Amino acid sequence: VQLQACGGGLVQAGGSLRLSCVASGLAFGRSAMGWFRRPPGKEREMVAVISQSGGYTQYADSVKGRFTISRDNAENAIYLQMSSLKPEDTGVYYCAGTETRGLLELMVVASEEYDNWGQGTLVTVSS
């Protein structure tokens with residue numbers, strides 16, 4: 001399984017970035033996916049998660065209204081559209097995925113529940 005994330009970079013506060021993550025070797029359509037980040041000197045935290053079909057999403061309070069997670073199951077990809085970026089959004093962003101069983105739509109919030117992780121992409125927001 002490989003998760004390849006890209007799209008990070010340096011942006012000024014108030015700007016926008018779009019992260020992408022393409023998965024291979026994963027039963028993508030049966031996988032709950034998510035974006036996490038590790039701010040400098042801090043623990044990894046959940047940013048946004050999405051259910052298998054994309055019908056359900058959940059966001060960290062700190063990004064609600066500014067970030068949007070989406071997925072394209074035909075392309076085995078998830079995205080994170082980030083707008084109105086703030087310096088506190090700085091960090092390494094990771095995509096993660098975990099295959100689910102059954103038919104229920106699931107959002108997986110806990111990072112320890114994910115089996116597969118991308119390599120991370122650095123987002124730096126300057127003030």
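Predicted model: local features only at pLDDT ≥ 70, side-chain atom pairs only at ≥ 80, totals over all residues.
Asp89 has a relative accessible area of 1%, so it counts as buried; the cut-off for buried is under 20%. Asp89 pairs with Arg37 in a salt bridge, and their closest N and O atoms are 3.0 Å apart. That pair links distant parts of the chain, 52 residues apart: Asp89 sits in the loop between E8 and E9, and Arg37 in strand E4. The points below start with the whole fold and then move to its parts.

**Overall fold**

- The protein has 11 strands and zero helices.
- Read from the N terminus, its elements therefore run β-β-β-β-β-β-β-β-β-β-β.
- The radius of gyration is 14 Å, close to the 14 Å that the globule rule gives for 127 residues, so the protein is as compact as a globular protein of that length.
- Along the principal axes, the C-alpha atoms fill a box of roughly 45 × 25 × 25 Å.
- Of the 127 residues, 46% count as buried.
- Take the contacts with a separation of 6 or more: 60% of them join residues 24 or more positions apart.

**Nonpolar cores**

- The largest nonpolar core has 27 residues.
- Which residues have the most contacts inside this core? They are Trp35, Val47, Phe67, Leu80, Met82 and Tyr93.
- Eight elements are listed as giving two or more residues to the core, including strand E1 (2–6), strand E4 (31–38) and strand E11 (121–126).
- Strand E3 gives the most, with four residues.
- Met82 shows how the chain comes together here. Setting aside neighbours within four places in sequence, Met82 is in contact with Gly15, Ser16, Leu17, Leu19, Arg66, Phe67, Tyr93 and Val123.
- Another core, of seven residues, lies apart from the largest one; among its members are Phe36, Ala96, Val108 and Tyr114.

**Cysteines**

- A disulfide is a covalent bond between the sulfur atoms of two cysteines.
- This structure holds one disulfide.
- Cys21 and Cys95 form it, with their sulfur atoms 2.0 Å apart.
- The torsion about the S-S bond is about 55°, so the disulfide is right-handed.
- Cys21 lies in strand E3 and Cys95 in strand E9, so the bond ties together parts that are 74 residues apart in sequence.
- Cys21 and Cys95 are both buried.
- Cys6 is in no disulfide: the nearest cysteine sulfur belongs to Cys21 and is 8.4 Å away.
- Is Cys6 buried or partly exposed? Its relative accessibility is 43%, so Cys6 counts as partly exposed.

**Salt bridges**

- Side chains of opposite charge can pair when their charged atoms come close.
- The count for this structure comes to five salt bridges.
- Arg37 takes part in a salt bridge with Glu45 as well, at 2.6 Å from N to O.
- Arg37 is at 3% relative accessibility, so it counts as buried.
- Glu45 has a relative accessible area of 29%, so it is partly exposed.
- Which residues are linked in a network of salt bridges? Arg37, Glu45, Arg66 and Asp89 are linked in this way.
- Asp61 and Lys64 also meet in a salt bridge, at 3.1 Å from N to O.
- Asp61 and Lys64 are both exposed.

- Thr121 has a relative accessible area of 10%, so it is buried.
- Thr124 has a relative accessible area of 28%, so it is partly exposed.
- A polar atom of the Thr121 side chain lies 3.1 Å from the backbone nitrogen of Gly8.
- Thr124 touches Gly9, Leu10, Val11 and Thr90, leaving out residues up to four places away in sequence.
- How far apart are Thr124 and Val11 in space? Their C-alpha atoms are 6.3 Å apart, although the two residues are 113 residues apart in sequence.

How values were computed. Residues numbered from 1 in each chain as written. Heavy atoms only, no water. Core = buried A, V, L, I, M, F, W, Y, C linked by side-chain atoms within 4.5 Å. Buried < 20%, exposed > 50% of the residue type's maximum accessible area, 1.4 Å probe, protein only. Contact = heavy atoms within 4.5 Å. Disulfide = S-S within 2.5 Å. Polar contact = N/O pair within 3.5 Å; in protein donor to acceptor, adjacent residues only side chain to side chain. Salt bridge = Lys/Arg side-chain N within 4 Å of Asp/Glu carboxyl O. Rg over C-alpha atoms; globule rule 2.2 N^0.38 Å.
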